[in-house]
Amino acid sequence: MFSFTPLLSLLASSTLLVQGLPMSDHTAPISRRGSETPEVFSRRGSETPEIISRRNSETTEIVSRRNSDIALETRDSCDTADGDPIRGVNIGGWLVVEPWMNWELVEGTNAPDQWTFDQTDGAESKLQSHWASWFNEADMAQIAAWGLNTVRIPIGFWAFNNTGSPYISGADAYLERALGWARKYNIQALICMHGLPGSQNGFDNSGHKGNADWAENQDNLLASTAVLETMAAKYGTSSWSDVVWGLELVNEPIVWDETSARSAQSWAVDTVKAMRTHITNPDLKLVMHDAFMGAKAWVPIAQQYNAVAENFVLDVHLYQNQGGDTSGMTQDQHIATVCNYPSTQFLPDSDQTPVLVGEFSDQTNICVDAAGVVTAGSSCSTDGCQCSAQLDPSQWNSNLVAATRKFMEAQLDVFEEYSTGWFLWSYTGPGAWGLDNLFKAGVVGPDHITQRQYPAQCSSSS
Ligand SMILES: *[C@@H]1O[C@H](CO)[C@@H](O)[C@H](O)[C@H]1NC(C)=O
């Protein structure tokens, strides 16, 4: 859950992530997303300062390859069977534990990640009841009723092969239950490999927080390909072709220089090739996260596949709540950033590289006063002023609902027009992270995800 630009500004300023979402008592978990960052940069202990500076200079270069002069064009031709863009939601915090979302599950264990949690007393039975309750058939029916058409389901390698790791197996059975519900409610699925051996990013969302021992570790890269071949053999068959829209190779791998970037890219090329040998569903998409390099950096690779069959799709994650510049923005500035995505994040059709937004959020760091004026922040004291970081959406007044709704609608409109589609993070989540909360609070809906109150917000800039 991370976007590269704030990552860079973080490194530049050497400050901790300011997610701006401190909440008291039960709402504290909202702020936990940001607190994972520092460890990522101390991933190699004593070498840290050097790595940070290396990354800082070299990643800038990688990022600058992004989107020089991209003409604005309309949606990629890689959308759903009925021609709609993907309107999706992540089933986060389910088959991969993320303590900032799953604070009740990990309570009393101090586990910072699933790797640790799985080794605590009673973990297996707690996990079983979590898997059975966090997401169920009624949720899938609700997703369909709200007009969404796709779910992105994160799962870790250990579901398919936990040999030599402390991870508890069994999540794949729940994945398959969800695929059955998806079939029943006419929802398609993108199965996302969220955790690979070694951890591809050192975030808790990879299963193992701390070191990212992946992009330059050949053993882990080979083991990763093997587990993705297993996944392809299971879910890339024609028996799943009515449900499984795509398989995602890896979520948010971190690269820190040209060498690790090249390594991740050549791994992706090899792994696509290996997966295809097992796949019998000709329409199955293989999805690769852009490794925070920007979609443009993947165009030459994507074109090799998409000149033949349009089935290689890039995933970019577009958060505006991961610190950096975004924590100081008003909602108008957040929306202006969204309106610029067509030129800053997406690609023209001539690049033959469909891009989807595999993760984004409606949570931002804003306060709205009684007159409806929005400022950046997470606390305010004037009468009638509310901050989205401080209050559950069920307590938001109409001003805060309106501001948050404008941002949501701008995102959905731009994603639907200029990309393959979108997946909100996440179905159940704290504050404005949770699709269920957004519907309950009137930030979307009331009945259907396509309903709009603030249409064409980007029309003047696009
Ligand atoms: C499972 O993982 C272990 C450890 O990486 C590996 O030795 C073994 O070959 C894997 N099994 C399969 C079926 O891929």
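The buried residues of α7 pack against α5 (103-106) and α6 (114-117), with contact taken as C-beta atoms, placed from the backbone, within 7 Å. Helices (H or I, at least four residues) and strands (E, at least two) are DSSP runs, numbered from the N terminus. The model is a predicted one: local features need pLDDT of at least 70 and side-chain atom pairs count only at pLDDT 80 or more, while totals for chains, interfaces and linings use all residues. Residues are numbered from 1 along each chain as its sequence is written.

In α7 (residues 123-133), A123, K126, L127 and H130 are buried (20 or more other C-beta atoms within 10 Å of their own; exposed means 12 or fewer, and partly exposed lies in between). These residues cover an arc of only 100° around the axis, which puts them on the same side of α7; the arc is that of the directions from the helix axis to the C-beta atoms. On the other side of α7, E124, S125, S129, A132 and S133 are exposed.

And how does a strand compare? Seven of the seven residues of β2 (residues 150-156) are buried, so this strand is largely enclosed by the rest of the structure. Its covered faces carry T150, R152, P154 and G156 on one side and V151, I153 and I155 on the other. Strand β2 runs parallel to β1 (residues 86-90), joined by three bridges, and N90 stands opposite R152. Seven bridges join β2 to β3 (residues 188-195), also parallel, where L190 stands opposite R152. Pairing requires at least two DSSP bridges.

Technical notes
Contact = placed C-beta atoms within 7 Å.
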